[in-house]
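This report looks at one protein model and the small molecule placed in it.

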Amino acid sequence: MGRKFEGRFDARGKKIAIVGSRFNDFFTSELMNGALDCLHRHGVDDELIDTAWVPGGFEIPMAAKRFVASGRYAAVICVGCVIQGDTPHFHYVSSEVTKGIAQVSLDSDIPVVYGIITAENLDQAIERSGTKAGNKGFDAALTALEMIDLCAEIDAG
Ligand code: INI
């Protein structure tokens with residue numbers, strides 16, 4: 001049996017970036033707060049957390065790519081909220097933000113985490129931004145912490 005690599009939720013001393021989108025900011029501000037709460041409660045110093053706000057989910061991958069390219073961060077967390085309306089617009093936006101973050105992530109050497117709510121209605125968005133289904137921003141930050149540590153472990157061999 002070979003080695004088992006597993007990340008702990010520990011990124012103390014590492015710089016982390018969070019990209020949030022302002023569209024549906026009633027929800028995305030809660031996702032940003034959830035992500036910050038998770039990082040703070042896991043010992044990440046506030047000084048080491050940089051944030052950027054973009055207009056909508058469609059713009060998230062571009063800002064995430066910039067943060068990655070700077071080389072300054074151990075992870076980039078993306079938070080956003082796309083809610084279905086009366087037209088197919090929702091499908092285009094949610095598909096592009098999802099594909100975009102996946103592409104940035106695969107092109108990157110650091111974790112780029114997907115904390116996007118894709119909801120069919122307001123109730124689903126409420127449930128995922130701090131009520132009965134938790135907070136997707138908090139979950140995304142937890143994933144970032146685990147992946148930072150896992151990547152460091154794998155790299156160290
Ligand atoms: N952006 C979102 O983040 N969520 C949405 O629900 C949304 N809808 O439904 O329109 C949305 N649209 C804006 C889009 O992300 C871009 O900001 C805009 O098209 C400019 O490029």
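An N or O atom in the side chain of His89 lies 3.2 Å from an oxygen atom of the ligand. The model is a predicted one. In Gly57, a backbone N or O atom is 2.8 Å from a ligand oxygen, and in Gly56 a polar backbone atom is 3.5 Å from an oxygen atom of the ligand. On its own the ligand has 460 Å² of accessible area, and the protein covers 75% of it.

**The shell around the ligand**

Besides Gly56, Gly57 and His89, the residues around the ligand are Phe23, Asn24, Phe58, Glu59, Cys81, Val82, Ile83 and Val93. By class, six residues of the shell are nonpolar, four are polar and one is charged. Strand 3 (75–83) and helix 3 (89–106) each contribute at least two residues to the shell. The largest share, three residues, comes from strand 3.

**Aromatic pairs**

Two aromatic pairs are found in a search of the whole structure. The table gives their geometry.

| Pair | Centre to centre | Angle between planes | Type |
|---|---|---|---|
| Phe26 and Phe27 | 5.2 Å | 85° | edge-to-face |
| Phe67 and Tyr73 | 5.1 Å | 80° | edge-to-face |

Planes over 60 degrees apart count as edge-to-face, so the angle of 80° places Phe67 and Tyr73 in that class.

**Cysteines**

How many disulfides does a search of the whole structure find? The search finds zero. A disulfide is a covalent bond between the sulfur atoms of two cysteines. To count as one here, the two sulfur atoms must lie within 2.5 Å. For Cys81, which is part of the shell around the ligand, the closest cysteine sulfur is that of Cys78, 14 Å away, and so too far for a bond. Cys81 is buried, with a relative accessible area of 5%.

Cys151 is in no disulfide either, and the nearest cysteine sulfur, again that of Cys78, is 15 Å away. Cys151 is partly exposed, with a relative accessible area of 23%.

Note on methods
Residues are numbered from 1 along each chain as its sequence is written. This is a predicted model: local features need pLDDT of at least 70, side-chain atom pairs count only at pLDDT 80 or more; totals for chains, interfaces and linings use all residues. Side-chain values use heavy atoms; hydrogens and water are left out. Rings of Phe, Tyr and Trp (its six-membered ring) pair if their centres lie within 6.5 Å; planes under 30 degrees apart count as stacked, over 60 as edge-to-face and the rest as tilted. A residue is near a molecule or strand if one of its heavy atoms lies within 4 Å of it. A polar contact is a pair of N or O atoms within 3.5 Å; within protein, one must be able to donate a hydrogen and the other to accept it, and residues adjacent in sequence count only if both atoms are side-chain atoms. Accessible areas come from the Shrake-Rupley method with a 1.4 Å probe; for residues, only the protein chains shown count as cover. Helices (H or I, at least four residues) and strands (E, at least two) are DSSP runs, numbered from the N terminus. Ala, Val, Leu, Ile, Met, Phe, Trp, Tyr, Cys and Pro count as nonpolar, Asp, Glu, Lys and Arg as charged, and the others, Gly among them, as polar. Buried means under 20% relative accessible area, exposed over 50%, partly exposed in between (1.4 Å probe, protein chains only).
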